[in-house]
Amino acid sequence: MSEYRIETKCVQGGYTPGNGEPRQIPIYQSTTFKYDTSEHMGQLFDLEASGYFYSRLQNPTCDLVAAKIAALEGGTAAMLTSSGQAANFYAVFNVANCGDHVVASSTIYGGTFNLFSVTMKKMGIDFTFVAPDCTEEELAAAFKPNTKAVFGETIANPALSVLDIERFANAAHAHGVPLIIDNTFATPINCRPIEWGADIVTHSTTKYMDGHGAAVGGCIVDSGNFDWLAHADKFPGLCTPDDSYHGITYAEKFGQGGAFITKATAQLMRDFGSTQSPQSAFLLNLGLESLHVRIPRHCENGLAVAKYLKNHDLISYVIYPGLE
Ligand SMILES: Cc1ncc(COP(=O)(O)O)c(C=O)c1O
């Protein structure tokens, strides 16, 4: 799929039906999946075999739609979540635990700001917020020895400031941590943060991806570019055995391209259960099919409104990234 244009990926990505199979992604409306032997089930539970056993962890409809978003963003693996809030919480909590620290852009969506500065703070995770246009010195000064990630939004909601992803990625990588980018507002039609150095990309699919106001949802995509084992001391959750999962070491067993999403699924989705329903995933996929047509129109419309307001006597200022 990587050689296809983004328009084709919107329609065809993630799902390649065989001869006589449904053209549209089927809704697997099932909590559980059947196996002939308990040995086979045991292998699935132990992550020794791949397959589905319980939809709180994984469901085929959700996985096919996640694979489409991974193709759109240029990532190696992805998972759907019940909301954008769940996606951002999982993305950060997958690498930062009690006693850790995260650097975040100060203009992020208010719900995410609250999640970080109030709720995750209660969990013992400390955040330093920096202005997206801060100086190199201010950005460097925000890092601490226990910093585990940098977080920002491509286009901030509602400030509409555009993040210099490359600059934030360079700073994150210089400190041995990944850059997590919430790409909700831009969508992969306007910007693919992985191409600018982001390691993890999140979405509130509730917005443009769904596009019809039909289903709340979220998504996390891993670029597969961050070398967890090269920074093993910072990321014990990925680089040392997980006692709650039969001693699996995610970075070793699933490699650079699979460790992050496998851990988030096997550990966080198992324990917090913010899964997306297959019905919602089906609706999300319908939205994704027309994303490449809708987004240019949204931008055209937004620009027309912004230009009109900018020339209006009663308007003192207009913020729109498309204005000259
Ligand atoms: C940029 C951004 N990220 C995350 C969220 C949270 O997403 P959800 O409402 O799907 O939980 C929102 C919601 O407005 C958002 O705008």
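Predicted model: local features only at pLDDT ≥ 70, side-chain atom pairs only at ≥ 80, totals over all residues.

Trainee: In which sense do strand E5 and strand E6 pair, and over how many bridges?

Mentor: Strand E5 covers residues 179-182 and strand E6 covers residues 200-204. The two run in the parallel sense, and their pairing extends over three bridges.

Trainee: And what is the order of the strands in the sheet?

Mentor: The sheet is open and has seven strands, arranged as E1-E7-E6-E5-E4-E2-E3, with mixed pairing. Strand E1 (77-81) and strand E3 (126-130) each have a single partner strand, so one side of each lacks a neighbour in the sheet. From one strand to the next, the twist averages 20°.

Trainee: Which strands does H4 lie across?

Mentor: H4 lies across E1, strand E2 (101-105), E3, strand E4 (147-153), E5, E6 and strand E7 (218-222). Its direction is at about 160° to E6.

Trainee: What about helix H5?

Mentor: Helix H5, residues 110-122, lies across E2, E3 and E4. Relative to E3, helix H5 runs at about 150°.

Trainee: Let us change topic to the ligand. Which residues come nearest?

Mentor: There are 14 residues around the ligand, and those that come nearest are Asn-157, Asp-182, Ser-204, Thr-206 and Lys-207. By class, the shell holds two nonpolar, nine polar and three charged residues. Helix H4 (residues 84-93) supplies the largest share of that shell, with three residues.

Trainee: What distances do you have to the oxygen atoms of the ligand?

Mentor: A polar side-chain atom of Lys-207 lies 2.5 Å from a ligand oxygen atom. For Ser-204, a polar side-chain atom lies 2.8 Å from an oxygen atom of the ligand. Gln-85 contributes through its backbone instead: an N or O atom there lies 3.0 Å from an oxygen atom of the ligand.

Trainee: How much of the ligand's accessible area does the protein cover?

Mentor: The ligand has 390 Å² of accessible area on its own, and the protein covers 90% of that.

Trainee: Asn-157 was on your list. Which kind of peptide bond joins Asn-157 and Pro-158, cis or trans?

Mentor: That bond is cis, with omega at about 0°. Pro-158 is in the loop between E4 and helix H7 (165-174). Leu-160 also has its place in the loop between E4 and H7, and its phi is positive, near 60°. In general, most residues other than glycine have a negative phi, and most peptide bonds are trans.

Trainee: One last item: at what angle do the axes of helix H11 and helix H12 cross?

Mentor: The axes of helix H11 (residues 278-289) and helix H12 (residues 291-310) cross at roughly 65° and come within 5 Å. Gly-287, Leu-288 and Glu-289 of H11 make the contact with Leu-291, His-292 and Arg-294 of H12. These contact residues divide into two nonpolar, two polar and two charged.

Note on methods:
Residues numbered from 1 in each chain as written. Heavy atoms only, no water. Axes fitted to C-alpha atoms, helices over the stretch in contact; angles between N-to-C directions. Helix = DSSP H or I, 4+ residues; strand = E, 2+ residues; numbered from the N terminus. Contact = heavy atoms within 4.5 Å. Nonpolar A, V, L, I, M, F, W, Y, C, P; charged D, E, K, R; others polar. Near = heavy atom within 4 Å. Polar contact = N/O pair within 3.5 Å; in protein donor to acceptor, adjacent residues only side chain to side chain. Areas by Shrake-Rupley, 256 points an atom, 1.4 Å probe, with all protein chains shown as cover. Pairing = 2+ DSSP bridges.
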